[in-house]
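Please keep the sequence and the structure in view while reading.

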Amino acid sequence: MSTGHAGVAAPQQRSGYMRDNGAGVFVNYLPALREPRDEIRLSQQAAAARAIDLSHNNGFIAGGIDQATAFTVGAGLNINSTPDGAALGWTSERTRTWARSVERAFELWAGNAGECDSEGRAPLHKLVKGALRSWYGTGEILGQIGYERLPGARFGTKLRILPSTRLVQHTGDGWFQGVRLSATGRPLAYRLRVVDEGRNHGSHGTVDVAASDRFGRARIVHVFDGGPGQVRGITPMAPVLPTARQFDQLNNATLTAAIIQAANVATVTSDVPTAEVMEAFRSEFDGKGGPEGVDPYTFARGQFHTGANVDIGRFGKISHLMSGEKFEFHGSKHPNDTYEAFVATLLREIARCIGITYEDMTGDYRGATYSSVRAAVAATWIITMIRRSFLAAPVYQAGYEAWMEEAIDIGAVEVPGVGSGPRGVAFFLQNRAALTRARWRGLGRPQPDDLKTAKAHALWKQIGVMTDEMIANELGVDIEDVYEQLEREREMRQQRKLPDTSLVGVSGDLLQAEDRENPDGSLA
């Protein structure tokens with residue numbers, strides 16, 4: 001039995017994604033479906049050029065990148081050597097002792113611009129900081145590891161950070177965007193533009209550089225963040241480039257309107273010739289001239305203006321205009337009441353893409369509370385740690401592995417039970433991963449309230465779920481460095497017959513101090 005009306009088709013029931021219910025929101029919205037590497041190949045150069053231009057000419061974006069870089073690497077990441085002693089057949093004590101000696105030797109190389117930098121300008125920490133800044137513009141970090149023994153230097157291993165634009169965009173004949181790939185997608189070689197570093201600084205063809213030598217020593221460091229199958233990176237600011245551009249346009253338009261309104265402080269509406277109206281605004285010291293060759297009414301109005309000076313340079317003066325005339329003062333109406341809220345929305349989107357909070361990007365903490373700041377920092381700090389681990393640390397690690405190979409070869413580092421020289425290098429090549437395993441530690445997570453953080457650490461340690469090393473890691477310091485420094489300080493105090501502060505402990509009143517917040521919840 002049919003329940004529908006004759007001649008009228010019953011509506012077809014459908015299920016699935018993207019049903020717009022007849023609203024037409026997907027009309028003409030048909031983006032192409034491509035692999036990530038093809039998407040990037042089509043958009044990378046334009047996105048990089050726009051992102052770099054914005055970072056050069058927009059104060060908020062430039063400051064946001066500086067802030068994000070500072071959070072990620074700070075003044076540099078410190079090495080925490082963690083060789084796999086079990087795989088190497090070492091005892092725990094031998095592993096720890098060797099790791100500490102390697103850390104000190106590596107820091108001598110990394111902290112000396114003449115040792116680690118092929119250009120001799122910056123220590124390793126500064127090189128990585130510059131590399132990370134370039135990543136925000138292009139989405140890539142490009143470096144080259146070479147060997148050059150300079151006078152006065154102990155090591156020949158050198159790292160050079162290159163502009164990622166040196167990597168050409170050639171695709172075809174086994175190359176994709178300047179990278180030669182194996183059948184499994186492994187980078188085999190990179191095609192770089194040859195640039196004259198002299199006065200002309202021009203490009204002179206290209207050169208192909210192998211990703212690594214036959215012993216596995218890296219020659220090119222190419223770091224980016226991406227999805228499966230991706231070969232090149234793209235600026236992390238790509239999603240907000242339209243928003244950032246519109247923000248600039250909005251700021252410029254608002255400022256221009258405000259300047260125009262400030263320049264035109266008053267207007268007069270009248271059908272009298274402009275010269276005669278403006279005559280009324282002249283003081284008696286300026287001199288006056290009567291109009292000639294006009295009809296009696298216009299002449300009378302001109303005479304009225306001649307005798308009724310409107311001097312906006314005198315305070316408190318009241319003037320009367322003739323019938324049909326209007327004199328009006330203007331104040332700047334830009335920005336309007338909704339401008340600040342709208343700009344804040346745009347800046348929040350940009351800050352989110354850069355990887356920092358709105359407050360960090362703008363310095364505007366109005367309305368922020370301890371809870372809101374802590375929640376925002378917790379969310380963005382995860383992004384900071386990811387970028388530290390997957391972007392900055394690989395550059396450090398590449399330099400560390402290349403340095404250790406040479407250090408063992410020349411005898412700067414001795415492998416326990418093996419020694420250095422050819423035997424040591426052979427052992428290194430067989431156990432590269434176990435010997436060079438390391439963690440790279442940077443600044444600890446920013447805390448909106450240090451007292452509350454200390455109270456939380458004390459509580460977690462008291463109930464037995466947090467160790468000194470975990471607390472030190474959260475604060476961004478090495479627990480062994482802390483212990484060694486405490487031991488040195490204790491010996492110095494004993495020599496000077498000073499009391500041992502470690503026996504004093506922390507005051508219970510301090511740990512039980514009240515939260516320092518205003519009644520409205522904002523930070524005190």
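Strand E5 (residues 179-181) pairs with strand E6 (residues 187-195) in the antiparallel sense, over three bridges. The model is a predicted one. The points below begin with this pair of strands and then turn to a sheet and to the packing of helices.

**The hairpin of E5 and E6**

- E5 and E6 form a hairpin, and five residues lie between them.
- Gly-185, in the turn, has a positive phi of about 90°.
- Arg-180 has Ala-189 in E6 as its bridge partner.

**The three-stranded sheet**

- Three strands form an open sheet in the order E3-E2-E8, and their pairing is antiparallel.
- Strand E3 (157-162) and strand E8 (220-224) stand at the edges with a single partner strand each, so one side of each has no neighbour in the sheet.
- On average, neighbouring strands of this sheet are turned by 20° against each other, direction ignored.
- Strand E2 (residues 140-147) and E3 run antiparallel and are joined by six bridges.
- Tyr-147 has Thr-157 in E3 as its bridge partner.
- In a regular strand, side chains alternate between the two faces of the sheet.
- Helix H6 lies across E2 and E3, and H6 runs at about 145° to E2.

**The packing of H2 and H6**

- Two packed helices are described by the angle between their axes and the distance between the axes.
- Helix H2 (residues 59-73) packs with helix H6 (residues 124-138) at an angle of about 135°, and their axes are 10 Å apart.
- H2 and H6 are therefore oblique to each other.
- The crossing of these two helices, H2 and H6, is right-handed.
- On the H2 side, the contact is made by Ile-65, Asp-66, Ala-68, Thr-69, Thr-72 and Val-73.
- On the H6 side, Val-128, Lys-129, Leu-132, Arg-133 and Tyr-136 take part.
- Sorted by class, the contact of H2 with H6 has six nonpolar, two polar and three charged residues.

**The packing of H1 and H2**

- The axes of helix H1 (residues 36-57) and H2 cross at roughly 100° and come within 5 Å.
- This angle makes H1 roughly perpendicular to H2.
- Leu-54, Ser-55 and Asn-57 in H1 meet Gly-59, Ile-61, Ala-62 and Ile-65 in H2.
- The contact of H1 with H2 has four nonpolar, three polar and no charged residues.

Methods. Residues are numbered from 1 along each chain as its sequence is written. This is a predicted model: local features need pLDDT of at least 70, side-chain atom pairs count only at pLDDT 80 or more; totals for chains, interfaces and linings use all residues. Side-chain values use heavy atoms; hydrogens and water are left out. Axes are lines fitted to C-alpha atoms, for helices over the stretch in contact, and angles run from 0 to 180 degrees between N-to-C directions. Helices (H or I, at least four residues) and strands (E, at least two) are DSSP runs, numbered from the N terminus. Angles under 35 degrees count as roughly parallel, over 145 as roughly antiparallel, 65 to 115 as roughly perpendicular and the rest as oblique. A crossing is left-handed if the near helix is turned anticlockwise from the far one by less than a right angle, and right-handed if clockwise. Contact means heavy atoms within 4.5 Å. Ala, Val, Leu, Ile, Met, Phe, Trp, Tyr, Cys and Pro count as nonpolar, Asp, Glu, Lys and Arg as charged, and the others, Gly among them, as polar. Two strands pair if DSSP finds at least two bridges between them.
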